[in-house]
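Let's work through a few exercises on helices and charged pairs. Keep the viewer open as you go.

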Amino acid sequence: MKRVTLIAGIFGLGLTVWMLAQFGVSSIFSLVMTGGWGILAVIAFHSVQVFLSASAWRTIAGQTFGPVLPLRAYFMLRCVREGINNLLPVAQVGGEVMSSRLLARRGLGLKHAAAATICDLTIELLSQVVFTLSGLVMLLFLVKRSAVTDRLLESALVLLAIGGGVFISQWLGAVAFIEKLLIRIAAHLGWSGVDGIRGLNKEVLALYKSGRNAVSGLILQFCAWALGAVEVWLILHFMGHGCSLATGFVIEGVGEAAKSAGFAVPGALGVSEGGYIMVGSLFGMPPAVAIALSLIKRLREIAWGLPSLILWQWLEHTWRLYAERLRKMPFSRTGL
């Protein structure tokens, strides 16, 4: 697995370097520098998206037992998720694994924490598919139909099928299969602590059926994705290549879909840039501007990601101590 990640990372880095050389390194970095104070505005604005995503996660978790975690705890864990997925050489799911473990330490228990994260990740995927499809429908009203738009629509339908398949498979028992497999492997290898996930499939289904939490989470996640249009608008505005919010909506939808499609490549290097070049060309955006847009978004990821990695290590230490104290005292409802 590490070898595959390394190969994918080298490929993504090579593709990025090639695009920089192909479309002019100096002109691209000049555009990035033109962003100036706008980059800080983009970094600050991302807090709204993180807040909405954290709210969706907390809503889906829908705790009925154990310590009720405040929203700020989910906000911090959402930062950790993004920091790990964006900056570390993992296949864009390592953040979910680590944040789920931290949730378990904070008193939710391994089963409930894992179920809440699985549901949140699935609903986030479905909301992204809805967001991308909405953007592509809008695209058909903004530009003439072409071979490129047809390919984008076909790709979006594939994403819709994948998202629907992931959701339906959970109802058909995919999580139950994984649960049994992990327990058998653990028993064979003598691992301890895996018994805590017994009943994970039932927990996942219970969270989906819990009132309107799943629907509320879907709406919140969609709003978080949609605000990416404002981010694109801000970046292009400060670079001197302004666009409408509708155009930003389309660009963000396709760009994020391309990033998700390149999940095997650490940070989706090269893949994300390619997506922005493709959709940007439909609006007459020069490739250099599209790459500069992607690079500024990566600067935002670094600006949020580096402190988040430090936060991760702090939470690992403090919440481990909290978990140890929790095991030694009677249950009490508490926040962070």
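**Exercise 1.** In which helix do Glu 82 and Arg 78 both lie, and how many residues apart are they?

*Solution.* This is a predicted model, where local features need pLDDT of at least 70, side-chain atom pairs count only at pLDDT 80 or more, and totals for chains, interfaces and linings use all residues. Residues are numbered from 1 along each chain as its sequence is written, and side-chain values use heavy atoms, with hydrogens and water left out.

Step 1: find helix α4, residues 71–87 (helices are DSSP runs of H or I, at least four residues, numbered from the N terminus). Both residues lie there, four residues apart, about one turn of the helix.

Step 2: recall that an α-helix has 3.6 residues a turn, so residues three or four places apart point the same way.

Step 3: check the contact. Glu 82 and Arg 78 form a salt bridge, with their closest N and O atoms 3.5 Å apart (a side-chain nitrogen of Lys or Arg within 4 Å of a carboxyl oxygen of Asp or Glu).

**Exercise 2.** Find which parts the pair Arg 81 and Glu 96 ties together.

*Solution.* Step 1: their side chains meet in a salt bridge at 3.2 Å, N to O.

Step 2: Arg 81 lies in helix α4 and Glu 96 in helix α5 (residues 94–108), so the pair ties together parts 15 residues apart in sequence.

Step 3: Arg 81 counts as buried at 1% relative accessibility (buried means under 20% relative accessible area, with a 1.4 Å probe and protein chains only). Glu 96 is buried too, at 8%.

Step 4: widen the view: Arg 78, Arg 81, Glu 82, Glu 96, Asp 120 and Glu 124 are linked in a network of salt bridges.

Technical notes. Helix = DSSP H or I, 4+ residues; strand = E, 2+ residues; numbered from the N terminus. Buried < 20%, exposed > 50% of the residue type's maximum accessible area, 1.4 Å probe, protein only.
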